[in-house]
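User: I would like to learn how to read a domain interface and a set of salt bridges. Please take me through both.

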Amino acid sequence: MAKMTHLDRLEAESLHIMREVASECENPVMLYSVGKDSAVMLHLAMKAFYPSRPPFPLMHVDTTWKFKEMIEFRDRKAAEMGMDLLVHVNEDGVRDGVGPFTHGSAMHTDIMKTASLKQALDKYKFDAAFGGARRDEEKSRAKERVFSFRSAEHRWDPKKQRPEPWNLYNTRIHPGESIRVFPLSNWTELDIWQYIRRENIEIVPLYFAAERPVVTWNGVDIMVDDDRMPEELAKTAVMKSVRFRTLGCYPLTGAVESTASTLEEIIQEMLLTTTSERQGRVIDADQAASMEKKKQEGYF
Amino acid sequence: MRLTDDLIASDIGAYLQKHEDKSLLRFITCGSVDDGKSTLIGRLLYDSKMIFEDQLASLEADSKRVGTQGENIDFALLVDGLAAEREQGITIDVAYRFFATDKRKFIVADTPGHEQYTRNMATGASTADVAILMIDARKGILTQTRRHSFITTLLGIRRLVLAVNKMDLVDYSEQVFNDIVEDFYDFADELATDLEIQPIPMSALAGINITETSRETDWYDGPSLMDYLETVPIGDKRLKAPFRMPVQWVNRPNLDFRGFSGQIAAGTVKPGDLIKTLPSGRQSTITRIVTATGDLDEAIAGQSVTLTLADEVDSSRGDVIVSADSPAEVSDQFQVRVLWMSDTPLLPGRRYLLKIGAKTVTATINAPKYGIDINTLNDMPAKTLELNQIGVTTLSLDQAIAFDPYDENREMGGFILIDRQSNDTVGLGMIDFALRRASNIHWQAIDIDRSTLAEQKGQKPAVLWFTGLSGSGKSTIANALQKRLFALGKHTFILDGDNVRHGLNRDLGFTDVDRVENVRRVSNVARLMSDAGLITLVSFISPFRDERQMARNLMADGEFVEIHVDTPLDVAESRDVKGLYKKARAGEIKNFTGIDSPYEPPLNPELRINTVGQSPEDAAETILDFLKEKGFLSD
């Protein structure tokens with residue numbers, strides 16, 4: 001190897017970050033959201049510790065509204081990789097029948113995702129949690145550190161971030177505090193796709209275009225994934241060739257019309273497209289600083 | 001992302017192949033909002049087609065609403081991230097931006113330029129290959145330009161772009177540009193001898209000389225900013241340096257495999273290479289370079305790999321694997337440059353954690369030799385370092401580490417300092433050189449050792465450390481206890497806070513820095529006394545947990561007995577034997593513990609004495625019982 005390409009450098013940095021956490025934190029976990037970024041993160045973890053297995057479990061915060069295909073993929077992948085998989089569901093929310101159709105996207109996300117994540121971290125007493133967030137996704141993330149500290153109440157204080165000179169990370173925390181660690185901080189969406197292609201990483205088929213039943217809800221096309229969709233809405237379903245640029249709760253994930261059915265075609269479409277990745281997410285559609293506010297409250 | 005490469009549409013496979021092999025350049029932009037720094041970054045993102053239509057739409061809307069460019073796009077809005085910052089119209093943190101051209105991928109560290117954000121700039125500079133210094137053509141070289149040049153070169157950047165911006169406001173005058181460049185060269189000589197400086201006249205707002213050279217400056221024959229960034233060599237002198245790899249993680253999946261995982265900090269490595277592990281110095285041979293996609297024939301600086309060795313070397317996290325021919329130095333005392341990053345000033349003599357590579361050790365930092373005025377580069381006297389101050393100092397570690405001077409290798413010579421109480425990262429530092437080699441350290445061997453001296457006195461040495469508020473009863477109890485011990489034929493001595501301040505510590509006041517030094521000196525005296533076999537009673541307010549821990553660490557195992565004379569503030573104040581509380585309340589005494597200076601009670605003292613409803617004699621008896629029980633008084 002004569003020189004390192006940009007993907008090589010990004011990979012080496014991510015491996016370094018994961019090994020630091022494994023060495024210095026007592027009880028780390030990798031948050032696995034089943035999306036393409038999680039797929040890359042898991043792949044990097046397998047590389048970082050090879051021939052050992054990654055010395056931490058995977059955890060999925062399941063809102064119970066994820067695409068069925070995601071859940072199948074998640075269980076199969078964890079088994080294939082030989083990783084322990086923890087699945088956490090906010091049972092309070094389930095008991096109260098919380099869902100996006102009945103409670104709206106904001107309350108659903110708050111209860112089934114944000115509050116649920118806090119529950120899970122408290123339950124297992126994880127002191128460090130890997131997340132797949134990238135700095136290019138959104139303005140407030142551009143300023144977040146690789147190691148992002150949370151108070152015992154899971155709050156983020158953007159004014160109290162620790163400097164990260166060179167590749168030195170200070171991982172010390174007081175009891176009850178925790179760290180969110182973002183090994184993909186310096187990756188861009190294009191890097192992720194290029195890496196998936198180069199490393200031949202399997203991703204959920206929903207990323208590829210196929211004929212799927214979709215309806216229009218709140219101005220976006222969403223897929224009819226199960227019979228919890230209100231009947232009047234589900235009745236309006238039409239078959240379209242669509243794919244998804246990000247994956248989340250099916251009623252909150254906008255489909256894009258597409259015929260891209262290979263990785264190359266997806267990347268091609270992405271490079272020629274004119275809207276950013278997060279636009280398909282219903283959660284960002286309020287004011288510009290919404291993500292920063294959510295993060296201060298404990299959203300990943 | 002509207003990259004204008006025809007291949008995207010015609011042959012995506014070929015396009016991707018081509019773009020997989022891009023290199024990565026990291027650079028930092030230095031300047032203030034007024035210099036048009038955010039505008040420049042916004043412009044780079046815009047011109048490299050990294051802005052999506054929805055982002056552009058919201059940018060156009062924002063520009064009209066809060067922008068400073070009238071009906072035109074305010075590129076600065078693209079990069080001002082946090083809500084608080086947007087309101088104030090300033091950038092307050094390090095933000096990282098990404099863009100790519102057909103030739104390279106770029107990571108931009110965008111840092112604010114004001115003096116109060118020096119630490120942010122240093123952080124951004126620590127990983128950058130190139131620094132872009134923004135200069136307003138109308139203003140020329142300012143104090144901040146000197147400061148930014150100093151910080152970036154201090155952190156090791158050797159390639160600087162002198163971005164003379166706002167040339168449109170000086171009619172693209174060649175004379176103005178040349179004068180500024182000349183001024184800068186005069187000054188740059190003081191920075192470093194191996195700088196490579198590229199001056200570029202530009203207008204970020206008008207897009208002049210950003211992506212291509214422009215007619216407006218036809219007298220300028222250098223590259224556009226983008227040309228420069230796309231072609232500047234990413235001079236990895238690390239590649240040619242001797243091999244170094246800090247061990248991050250010992251990889252032991254089973255009894256048959258023992259590998260050492262880490263990121264290579266310098267040089268290259270091949271199976272068969274002779275190596276040493278430091279600080280132990282054990283020699284071995286590389287057998288395999290293991291990765292998940294197969295063994296490698298060679299690995300180079302920057303790669304994260306796992307190495308296996310021919311011999312059973314007992315190496316652990318924090319060790320450094322180095323080339324046996326040219327190993328790194330090992331030492332426990334250094335001269336360093338430190339940039340202080342905390343609101344709480346450096347306390348010389350206090351122990352901080354120092355993290356370098358994968359190693360974390362305890363460091364005692366001495367008072368600075370001198371500070372550096374970051375605006376004039378002149379030396380200046382400094383007793384401590386405050387937020388954003390840079391100083392040259394010495395420090396000693398509790399164990400030896402392997403290192404290279406920072407100027408030779410950033411990863412092997414750069415460190416952070418961590419406060420042990422708050423866990424905050426309080427400083428970053430760069431090793432200049434070792435004060436002595438670890439192998440030269442040896443103590444004067446003493447034939448009559450400390451245990452002999454203690455046996456002679458028929459006792460075990462101890463340091464009884466009385467801590468508590470002024471007026472809590474420390475000295476009274478210590479005196480009562482000393483009488484009882486004397487009666488038992490024990491050899492004792494009392495070190496009293498007030499008395500020591502008349503002599504040994506008469507040059508010290510009551511600031512936090514002086515309190516730390518006060519305790520440092522007294523603990524060392526107490527240590528010498530316990531070496532002499534004495535039972536030493538230290539009666540000292542010693543309000544800070546960290547310093548009492550320092551004293552504890554200084555003593556031999558089990559010889560430190562912390563006694564918290566736990567008198568509530570209101571009781572101590574009502575006693576006010578010396579009339580000090582009254583004066584403190586009246587503002588006549590500053591930094592008085594309990595009033596306007598904190599007292600940190602011990603968390604796990606060996607003894608806690610309640611003085612309310614207990615006489616000093618009874619308290620002394622309680623301590624005596626404890627000493628008997630622990631075997632300090634047995635012959």
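Predicted model: local features only at pLDDT ≥ 70, side-chain atom pairs only at ≥ 80, totals over all residues.

User: Where do I begin with the domains: which stretches of chain A belong to domain 1, and which to domain 2?

Analyst: Begin with the bounds. Domain 1 of chain A takes in 6–192 + 289–295, and domain 2 takes in 205–284. Domain 1 is therefore written as two segments, with domain 2 numbered between them. Over C-alpha atoms, the centres of the two domains are 24 Å apart.

User: How many residues of each domain are in contact, and what area is buried between them?

Analyst: On the side of domain 1 of chain A, 24 residues are in contact with 30 residues of domain 2 of chain A. The buried area comes to about 2,500 Å², and carbon and sulfur atoms give 63% of it. In domain 1, A:Trp65, A:Phe67 and A:Phe101 lose the most area to domain 2, together 31% of what that side buries.

User: How many salt bridges and polar contacts are counted between these two domains?

Analyst: The salt bridge count between domain 1 and domain 2 of chain A is zero. For polar contacts, the rule finds four residue pairs across the interface.

User: Which helices supply the domain 1 side, and which one gives the most?

Analyst: Four helices of chain A each supply at least two residues: helix 3 (68–81), helix 5 (100–124), helix 6 (189–199) and helix 9 (290–297). Helix 5 gives the most, with five residues. Sorted by class, the domain 1 side has ten charged, seven polar and seven nonpolar residues. Read that beside the salt bridge count between the domains, which is zero.

User: Now the salt bridges. What is the general idea, and how many are there over all chains?

Analyst: Side chains of opposite charge can pair when their charged atoms come close. A search of the whole structure finds 59 salt bridges over all chains.

User: Which elements does the pair B:Asp432 and B:Arg337 tie together?

Analyst: This salt bridge has an N to O distance of 2.9 Å. B:Asp432 sits in strand 23 (residues 425–434) and B:Arg337 in strand 16 (residues 329–340) of chain B, so parts 95 residues apart in sequence are tied together. B:Asp432 is partly exposed, with a relative accessible area of 21%. B:Arg337, at 12%, is buried; the cut-off for buried is under 20%.

User: Where in chain B do B:Glu621 and B:Arg484 lie?

Analyst: B:Glu621 is in helix 20 (residues 616–629) and B:Arg484 is in helix 14 (residues 474–487) of chain B, 137 residues apart. Their side chains form a salt bridge at 2.9 Å, N to O. B:Glu621 is partly exposed at 29% relative accessibility, and B:Arg484 is partly exposed with a relative accessible area of 29%.

User: Which residues are joined into one network by salt bridges that share partners?

Analyst: The network consists of A:Asp8, A:Glu11, A:Lys47, A:Arg198 and A:Glu199. It includes A:Arg198 and A:Glu11, the pair that meets at 3.8 Å.

Key:
Residues numbered from 1 in each chain as written. Chains lettered and ligands numbered in written order. Heavy atoms only, no water. Contact = heavy atoms within 4.5 Å. Buried area = accessible area lost by both parts, 1.4 Å probe. Salt bridge = Lys/Arg side-chain N within 4 Å of Asp/Glu carboxyl O. Polar contact = N/O pair within 3.5 Å; in protein donor to acceptor, adjacent residues only side chain to side chain. Nonpolar A, V, L, I, M, F, W, Y, C, P; charged D, E, K, R; others polar. Buried < 20%, exposed > 50% of the residue type's maximum accessible area, 1.4 Å probe, protein only.
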